Amino acid sequence: MRGRTDTPPTQGRAPHRRKEAGMAAEEAHRNARSSVSHRALRWNERTFLFALGSPAFGMALAYTLVTTYGPVLIHELSGPAVTGLIIGGEGLFSLFVPVLAGGVSDQLSRRVGGRLTILLSGGVVAIAALVVMPLAAGTLTLLAVALAVFFIGYFAYYTPYYALYPDLVPREFRGRSLGFQGSMRSAGLLLGISGGGFLLSFAQPLPFLVGAAAITLFTAGLWLALRSKPWASPSPQAQHTSIAGGLGVLARDGRIRAWFFANACWEGSVAALRTFVVLYFTIGLGFSLNQSSTALALVGGAAILAAPLSGTLADRYGHRRTMRFGLFAFAIGLLPAVLTTNTAFVAAIVPVAFAAVILMTLPYSLLMGLLPQLSEHGTGAGVFGLSRGLGVLIGPLLAGLAVKFTSSLPVLAFEETKGYSSIFVVAGVLLAISIPLLRRT
């Protein structure tokens, strides 16, 4: 018919596509504008971010003491492969605890108590495990069970804790908010690695009891700070209360999938080093526990400076650009430990630690930008925990196997360090794998 004009299917969808393109362009412009220019934080905003970030200190202190000095207890009862397997077993619990804890926290109260209910429950479990851990140190099975319970509590604690950030922090402050948290986490790391050796040499239970006390103190501080705050509640229609919810988030967006595996590589590289670095210093280089703690204090000192600076740089210049710099600097900085046993390279720990902290501080803020729906903040935090746990599972396991099979190889620094320098090779390979994945985010 002459008066009839059929609209081609692609033409009919053109307005919708133009609308989507316009929304994408507007979002890109808004992100670019916020990354280039941002205002300074007010005093009350700084105070709030400090209160929100303070629990990271207590949990980081406890976690560092467990994962850095726990291997010393395990090594007395087994070899490096078993040590890597037990510590890396943390990753097994990341396959279900974070996504369940995050999904359930999406369903609970419209006020702070919703997230805090899960957070406090995880804290109680972690504290109980820390108290029992030194009592079980004489038996490998009991020690492994105590570590497993701690990791369950750790994931149940940290998942709703991380979900508080996209709920309560404006987008333009997200880099700096994670910088505040990173500073607190790095301070806990510094105290853990520098003081843990002294505590362990004085009395075996002390590191773990100090970790339990720190979690108790700073969790109480968070509860006091947030108990009367209004809650940016998830939508009541949210149904992400299972592992399927977390996997659904991954299935919908290729950028999130690329981020997921890149973050697993970053976490795996750090976990491989963290698990065996004390043994590298004590067995590979012949340091005492006190000397190892002093050397590792340089790492914590660099981390305290790097975390807030990385957040500021990310808000100003962009998260991916800042992370790309940290990634290459971290990978290059690992080379001296593979090539030589000259202890003068210990000074190179400072810039390497600075770069590593960038990769530990910014990944979650990058994910926050990919999860705009409020109803998925808990599930997003669960995906973060799942990714992190995957890295923690593969990193120590690969590093432990590498130590075992390179201990007698007469190449590089392997034989001189009894294979422990191979942990830096494992970390470098994981970092290299993440480079193309970062581009795809």
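**Close-up 1. Arg-388 and Glu-267 form a salt bridge.** In this predicted model, the closest N and O atoms of Arg-388 and Glu-267 are 3.7 Å apart. The pair links distant parts of the chain, with Arg-388 in helix α19 and Glu-267 in helix α13 (residues 254-284), 121 residues apart. Arg-388 is buried, with a relative accessible area of 11%. Glu-267 also counts as buried, at 5% relative accessibility. Side chains of opposite charge can pair when their charged atoms come close.

**Close-up 2. A salt bridge joins the side chains of Arg-176 and Asp-315.** The N to O distance in this salt bridge is 3.0 Å. Arg-176 belongs to helix α10 (residues 174-202) and Asp-315 to helix α14 (residues 289-317), so the pair ties together parts that are 139 residues apart in sequence. Arg-176 and Asp-315 are both buried. A search of the whole structure finds 2 salt bridges.

**Close-up 3. Helices α3 and α11 pack against each other.** Two packed helices are described by the angle between their axes and the distance between the axes. For α3 (residues 43-53) and α11 (residues 206-226), the angle is about 140 degrees and the axes are 8 Å apart. The arrangement makes α3 oblique to α11. On the α3 side, Phe-48, Ala-51 and Leu-52 take part; they meet Leu-222, Ala-225 and Leu-226 in α11. An α-helix has 3.6 residues a turn, so residues three or four places apart point the same way.

**Close-up 4. Thr-64 is a buried residue of helix α4.** Helix α4, which spans residues 55-75, contains Thr-64. The relative accessible area of Thr-64 is 3%, and because buried means under 20%, this residue counts as buried. Leaving aside neighbours within four places in sequence, Thr-64 is in contact with Tyr-69, Leu-189, Gly-192 and Ile-193. The C-alpha atoms of Thr-64 and Gly-188 are separated by 7.7 Å, although the two residues are 124 places apart along the chain.

**Close-up 5. Helix α18 is largely enclosed by the rest of the structure.** The buried residues are Pro-363, Tyr-364, Ser-365, Leu-366, Leu-367, Met-368 and Leu-370.

**Close-up 6. Thr-417 and Lys-418 lie in the loop between α19 and α20.** This loop runs between α19 (377-406) and α20 (422-440). Thr-417 is buried, with a relative accessible area of 0%. Not counting residues up to four places away in sequence, Thr-417 touches Tyr-280, Gly-284, Leu-285 and Thr-341. Lys-418, by contrast, counts as partly exposed, at 46% relative accessibility. Lys-418 has a positive phi of about 60 degrees although it is not a glycine.

**Close-up 7. A nonpolar patch lies on the surface.** The patch is formed by Phe-328, Ile-332, Leu-335, Leu-339, Leu-409, Val-411 and Leu-412. Together these residues have about 660 Å² of accessible area. Helices α15 (319-333) and α16 (335-339) each supply at least two residues of the patch. One of the patch residues, Phe-328, is found in helix α15. Phe-328 is partly exposed, with a relative accessible area of 38%.

Terms used: Residues are numbered from 1 along each chain as its sequence is written. This is a predicted model: local features need pLDDT of at least 70, side-chain atom pairs count only at pLDDT 80 or more; totals for chains, interfaces and linings use all residues. Side-chain values use heavy atoms; hydrogens and water are left out. Patches are made of residues with over 30% relative accessible area and no salt bridge: like charges are joined within 9 Å, nonpolar side chains (Val, Leu, Ile, Met, Phe, Trp, Tyr) within 5 Å. Accessible areas come from the Shrake-Rupley method with a 1.4 Å probe; for residues, only the protein chains shown count as cover. A salt bridge is a side-chain nitrogen of Lys or Arg within 4 Å of a carboxyl oxygen of Asp or Glu. Helices (H or I, at least four residues) and strands (E, at least two) are DSSP runs, numbered from the N terminus. Buried means under 20% relative accessible area, exposed over 50%, partly exposed in between (1.4 Å probe, protein chains only). Axes are lines fitted to C-alpha atoms, for helices over the stretch in contact, and angles run from 0 to 180 degrees between N-to-C directions. Angles under 35 degrees count as roughly parallel, over 145 as roughly antiparallel, 65 to 115 as roughly perpendicular and the rest as oblique. Contact means heavy atoms within 4.5 Å.
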